[in-house]
Number of protein chains: 2
Amino acid sequence: MKIVTNASEMKNLSITYGKAGRSLGLVPTMGALHDGHVSLITTAREHCDIVVTSIFVNPLQFAPSEDFAKYPRPFDKDCATAEKAGCDVVFAPDAKEMYPTGYSTFVDVETITSYLCGANRPGHFKGVATVVLKLFNVVSPQVAVFGQKDAQQCLVIRRMVRDLNCSVRLVFAPTVREKDGLAMSSRNSYLSSDERGQAVFIYKGICAAVSLYGGGERNGAALQGTIAGALSGAPLLSVEYVEIVDMDTVSPVSVLGAPALAAIAVRTKQTKTRLIDNAVLGGTF
Amino acid sequence: MKIVTNASEMKNLSITYGKAGRSLGLVPTMGALHDGHVSLITTAREHCDIVVTSIFVNPLQFAPSEDFAKYPRPFDKDCATAEKAGCDVVFAPDAKEMYPTGYSTFVDVETITSYLCGANRPGHFKGVATVVLKLFNVVSPQVAVFGQKDAQQCLVIRRMVRDLNCSVRLVFAPTVREKDGLAMSSRNSYLSSDERGQAVFIYKGICAAVSLYGGGERNGAALQGTIAGALSGAPLLSVEYVEIVDMDTVSPVSVLGAPALAAIAVRTKQTKTRLIDNAVLGGTF
């Protein structure tokens, strides 16, 4: 497995693969790879000849108050995990390589970023869209794989790709879960033991909504209510949002006529860890 | 010469050319082609096998108060001009093709757009950067040619290409002028006969600055003053800005140590036509 830290070198490598007729798949990550990321790499492998995993803790997508500094960066372990999963190239630029002095261009997906995580993390999706477009331009992948756990991110990237006429094909891979149902996340490592115990209530909320929807419920407030009810069993979780939203507009839906996203964000009370999860009701990504 | 109005069709055509080993040059225009555009097409021809000229009056780069509605759109004449100049493909999408319902992604080059035209036309360069990035993604050109007459646009696109890791090579072609020195512009057709007579004073201002710089003057205010002095001979021209700015930061320079841009914008008093011109002092683009 190759490790590349320079954007020009990565670009040249992509051109070389392209000329040799090899298709490229990109898995953008911030490192701290877990089985969720492994599944993204495996998915990319199924679609492409060469899998490039980017590892970059993107400062642009963290607000000043957020966990950029403490975000885990186990680089050697990540490389071993990526290689074992079938990754061919790790692209791991540093912040100066991605945002050199004088950097001043930003990609902003408006409207759909005013809801959910976008409403609670100002500037977050601008950082995400900007870095992902840069990665697309550096790697020129035919396919890029993102995890459905970051549902709004998937919708934002899909909107950006459509709007900016990007050529990449997007694949959204299902959320991988711990045995008790907690969605895998690099941030789970922040949790106290008590918080970890109660974190499963997020999944219980998701399951309650899926089950209620399965039973025929199409009222947004009722579905929202059942999630909130499940979460109330976990006093260490402070709810940031529980929403049932349209898959295109990301705006709240009062009566479901098309597939909708049930989305949850909580913050834990002891370690202030932010956790998100979601399910698509009546459809897929 | 092919005329393509659909972005997917244009994309497929570019892929076909690419597979056949033909290099592509893009000349982005808003139509109303004059000899300045012809020179851009000729320049693109020198660099590439296939020249694509885009003709698109981009609503995003016009403020509500500006001349979007009355901007000239002589499409058949433009196609004849482009073909005669050696253009192989005209890409002429309509606004709905470029910005379909739900469109919400924008590219913003910050900082350098707070000066000159950016300061006087809020949102203008956001519109320019967005449409140019879309055109790059649709056409995938190896080379794109822009006219130096729109100097700040050149600097904004250069910044965007560097920042977003775009693969296109930029070529900035010299300004083409009327016999009396007025920079060619589609907006010259708006001018009254009296305004047209006085418009040459813009070029006189440029020449005065170039001459003073040639004589050794390196003081920004002195160079600015000589331009303002020349423009004062034209009572029908209302000065929007006269600036000597850094080529990278686009911020005003007090003492010139590196190449600098002498830039002028005026608005005519009868037809309210906005005209711009510039010269690089001590260097090139």
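In which helix of chain A is the place of Ala208(A)? I looked it up, and Ala208(A) sits in helix 8 (residues 193–214) of chain A. Helices here are DSSP runs of H or I with at least four residues, strands are runs of E with at least two, and both are numbered from the N terminus.

**Entry 1: ground rules.** I am working with a predicted model, where local features need pLDDT of at least 70, side-chain atom pairs count only at pLDDT 80 or more, and totals for chains, interfaces and linings use all residues. Residues are numbered from 1 along each chain as its sequence is written, while chains are lettered from A and ligands numbered from 1 in the order in which they are written.

**Entry 2: Ala208(A).** Is Ala208(A) buried or exposed? I found it buried, with 20 other C-beta atoms within 10 Å. The cut-offs are 20 or more such atoms within 10 Å for buried, 12 or fewer for exposed, and partly exposed in between, with C-beta atoms placed from the backbone. Next I left aside the neighbours within four places in sequence. Ala208(A) then has contacts with Thr226(A), Ile227(A) and Ala230(A). Contact means that the C-beta atoms of two residues, placed from the backbone, lie within 7 Å. I also checked Asn165(A). It is 43 residues from Ala208(A) in sequence, and the two C-alpha atoms are 38 Å apart in space.

**Entry 3: chain A as a whole.** I noted 9 helices and 10 strands in chain A. Its radius of gyration is 19 Å, close to the 19 Å that the globule rule gives for 285 residues, so chain A is as compact as a globular protein of that length. The radius is taken over C-alpha atoms, and the rule is 2.2 Å times the number of residues to the power 0.38. Along the principal axes, the C-alpha trace spans about 55 × 40 × 35 Å. Of the 285 residues, 49% count as buried. I then took the contacts with a separation of 6 or more. Residues 24 or more positions apart account for 71% of them.

**Entry 4: two domains.** Chain A divides into domain 1 (2–173) and domain 2 (186–277). These bounds come from an automatic or database domain assignment. The C-alpha centres of the two domains lie 26 Å apart. In chain A, 13 residues of domain 1 are in contact with 15 residues of domain 2. On the domain 1 side, helix 5 (116–120) and helix 7 (151–163) each supply at least two residues.

**Entry 5: chain A against chain B.** How many residues does the contact take from each chain? I counted 25 from chain A and 24 from chain B. On chain A, the elements giving two or more residues are helix 1 (7–19), strand 5 (105–109), helix 6 (124–139) and helix 7. The largest share, 5 residues, comes from strand 5. Strand 5 of chain A pairs with strand 5 (residues 105–109) of chain B in the antiparallel sense, over 5 bridges. Strands pair if DSSP finds at least two bridges between them. Val109(A) has Thr105(B) as its bridge partner.

**Entry 6: symmetry.** A rotation of 180° with 0.0 Å of shift along its axis superposes chain A on chain B, with RMSD 0.0 Å. That is the relation of a two-fold axis. In chain A, the C-alpha nearest the axis belongs to Val107(A), 2.3 Å away. The superposition is by least squares on C-alpha atoms of residues with pLDDT of at least 70 in both copies. Last, 96% of the interface residues of chain A are also interface residues in chain B, so the copies meet through the same surface.
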